[in-house]
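Visitor: I have a model to go through with you. I want each label set against its cut-off.

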Amino acid sequence: MLEKIRQVVKNAAEEGDWKYHIVPVASYAKKLARILKVDEEITELAALLHDIGRIKFGPENHEITGVPEAEKILKEHNYPQDVIDEVKHCIESHRGSKDIPPRTIIAKIVANADAMAHFDVFPVFFYLRSKDSSFEDAIKWAYEKLDHDWKKKLTLPEARKMMEEKYKAIKLILDSTRAYI
Ligand SMILES: [Fe+2]
Ligand SMILES: [Fe+2]
């Protein structure tokens, strides 16, 4: 069943988005689910679908546009309503906005895994940003993103522990580059 949802998301997403974002988010979400002893399948399902709004309709308000889209996909695959409701909450709360904070452990995992994935593929940000901005702007933007992920989005101690080394390594490189700007 999970494999079908995996295919739906993979087919809808751009290749880079799938490979460098959705796949690592799903992988970290599964790892955290195992550590925190919550349902691994529902957690992976929510991770696969967390950005479906962005994938289908663009980045703006994608935590809102993704909710009915995920519900439609899950209903088509006969998922029970309680699973659908959990996934919907994970999507609406995944951006860490104050209006809808993650209430469940699975939603917290998805929001954390979303940020964890950024640490794994950090150079992707420079590639994406450098298309329409200067190198200096790209560095500044990447630095703010790293800071926001580390300070605001990584709320689970287990997630922080897993990413600490990568965070420090990325920060070291960015700080050393910033000294020349
Ligand atoms: Fe997102
Ligand atoms: Fe995401």
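This is a predicted model: local features need pLDDT of at least 70, side-chain atom pairs count only at pLDDT 80 or more; totals for chains, interfaces and linings use all residues.

Visitor: Which residue coordinates both the iron ion (ligand 1) and the iron ion (ligand 2)?

Guide: Asp 51 does, and the two ions are 3.5 Å apart. Asp 51 is in the loop between α3 and α4, while His 94 is in the loop between α6 and α7, 43 residues apart. Helices here are DSSP runs (H or I, at least four residues; strands are E, at least two), numbered from the N terminus.

Visitor: How do you know that the span of helix α5 agrees with its 15 residues?

Guide: The expected span is 1.5 Å times one less than the number of residues. For α5 (residues 62-76) that gives 21 Å, and the end C-alpha atoms are 21 Å apart, so the two agree. After α5 comes Asn 78, with a positive phi near 60 degrees.

Visitor: Why is Ile 64 called exposed?

Guide: Buried means under 20% relative accessible area, exposed over 50%, partly exposed in between (1.4 Å probe, protein chains only). Ile 64 has 53% relative accessibility, so it counts as exposed. Ile 64 is in helix α5. Buried residues of α5 include His 62, Val 67 and Leu 74.

Visitor: What do the buried residues of α5 pack against?

Guide: They pack against α1 (2-12), α3 (40-49), α4 (52-57) and α6 (81-93). Contact means heavy atoms within 4.5 Å. Beyond its neighbours within four places in sequence, Val 87 is in contact with residues including Ala 70 and Leu 74.

Visitor: Why is the pair of Phe 119 and Trp 150 called edge-to-face?

Guide: Rings of Phe, Tyr and Trp (its six-membered ring) pair if their centres lie within 6.5 Å; planes under 30 degrees apart count as stacked, over 60 as edge-to-face and the rest as tilted. The search of the whole structure finds six aromatic pairs. In this one, the centres of Phe 119 and Trp 150 are 6.3 Å apart and the planes are at 80 degrees, so the pair is edge-to-face.

Visitor: What makes the pair of Trp 150 and Tyr 167 stacked?

Guide: Their ring centres are 4.2 Å apart and their planes are at 5 degrees, so the pair is stacked. Trp 150 is in helix α9 and Tyr 167 in helix α10 (residues 157-178), 17 residues apart. Trp 150 has 11% relative accessibility, so it is buried. Tyr 167, at 8%, is therefore buried too.

Visitor: How do you know that the charged end of Arg 160 sits over the ring of Trp 150?

Guide: The test asks for NZ of Lys or CZ of Arg within 6 Å of the ring centre and within 35 degrees of the ring normal. The charged end of Arg 160 is 4.1 Å from the centre of the Trp 150 ring and sits over it.

Notes
Residues are numbered from 1 along each chain as its sequence is written. Chains are lettered from A and ligands numbered from 1 in the order in which they are written. Side-chain values use heavy atoms; hydrogens and water are left out. Donors are N, O and S atoms within 2.8 Å of the metal (3.2 Å for Na, K and Ca); water is not among the atoms, so sites may look incomplete.
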